[in-house]
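Dear colleague,

I am handing over a structure for you to look through, and below it I describe what was found. Please keep it open while you read.

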Amino acid sequence: MSKTFKDLADMRLSYQKGGLNEDEVEKSPFEQFDIWFEEAKKADLTEPNAMTISTVSPELTPTSRTVLLKYFDETGFVFFTNYTSEKSQHIDNNPNVSLHFLWLDLERQIRIEGVAKKISTAESIKYYSRRPKGSQIGAWVSHQSEIISSKSLLKAQYEKLMAKFKDGEVPFPDFWGGYRVEPNKVEFWQGGENRLHDRIVYELDKDQQAWLIRRLAP
């Protein structure tokens, strides 16, 4: 047996913080998400807007990474990134993505499947203008997903641009912006005792433009 083998079979918790009933959830997944997100904020979780986004490469290799949800409404869930990054290249090739929120302190998860679409430049500029200057410059400095020789070079480029724009506005980078994930399936998961978890899924009926609500076996 490998020296690094670790037996984790006995690591488990009994989830007992709540339940979820399909007769009591909101008719819209966006409204239900809003309720759970507000509860996550009130629980003082670390970055409750952190979400895992999974994409698929042209070679059909799945890749997951964490990004921050910046806003949402009845049209979808918006995050921002470099449009030349690996995730953006994947989305350009295949816009079907998955989002995942994990709030362990509340014994909750949310899975979202949908299509990622670039938002308008005007919408991206509006958000960019609200970012702190350091974050604006960070967008210019980081050619996301590219190989770099050292972090010191990255910091040097950052300091150079910080000095350049010390007394002025940082221009908007045209290679950076937002995506809106328009969902077609949203699952709300609440941990249950003895692994009898509650799973309520919303699926979009495109013909009727209505959300169907169903319970899934845990």
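Asn82 is found in strand 4 (residues 76-82), where a strand is a DSSP run of E of at least two residues and a helix a run of H or I of at least four, both numbered from the N terminus. The model is predicted, so local features need pLDDT of at least 70 and side-chain atom pairs count only at pLDDT 80 or more, while totals for chains, interfaces and linings use all residues. Residues are numbered from 1 along each chain as its sequence is written, and side-chain values use heavy atoms, with hydrogens and water left out.

Asn82 has a relative accessible area of 3%, and it therefore counts as buried (under 20% relative accessible area, with a 1.4 Å probe and protein chains only). Leaving aside residues up to four places away in sequence, Asn82 touches Ser88, Ser142, His143, Gln144, Phe175 and Trp176, contact meaning heavy atoms within 4.5 Å. A polar atom of the Asn82 side chain lies 3.3 Å from the backbone oxygen of Ser142.

Lys87, in turn, lies in helix 2 (residues 86-93). Lys87 is buried yet has no salt bridge (a side-chain nitrogen of Lys or Arg within 4 Å of a carboxyl oxygen of Asp or Glu), and the nearest side chain of opposite charge, Glu86, is 7.8 Å away; here Lys and Arg count as positive and Asp and Glu as negative, with His and the chain ends not counted. With residues up to four places away in sequence again not counted, Lys87 touches Thr55, Arg65, Val67, Phe79, Thr81 and Gln144.

Best wishes

Conventions
Buried < 20%, exposed > 50% of the residue type's maximum accessible area, 1.4 Å probe, protein only. Polar contact = N/O pair within 3.5 Å; in protein donor to acceptor, adjacent residues only side chain to side chain.
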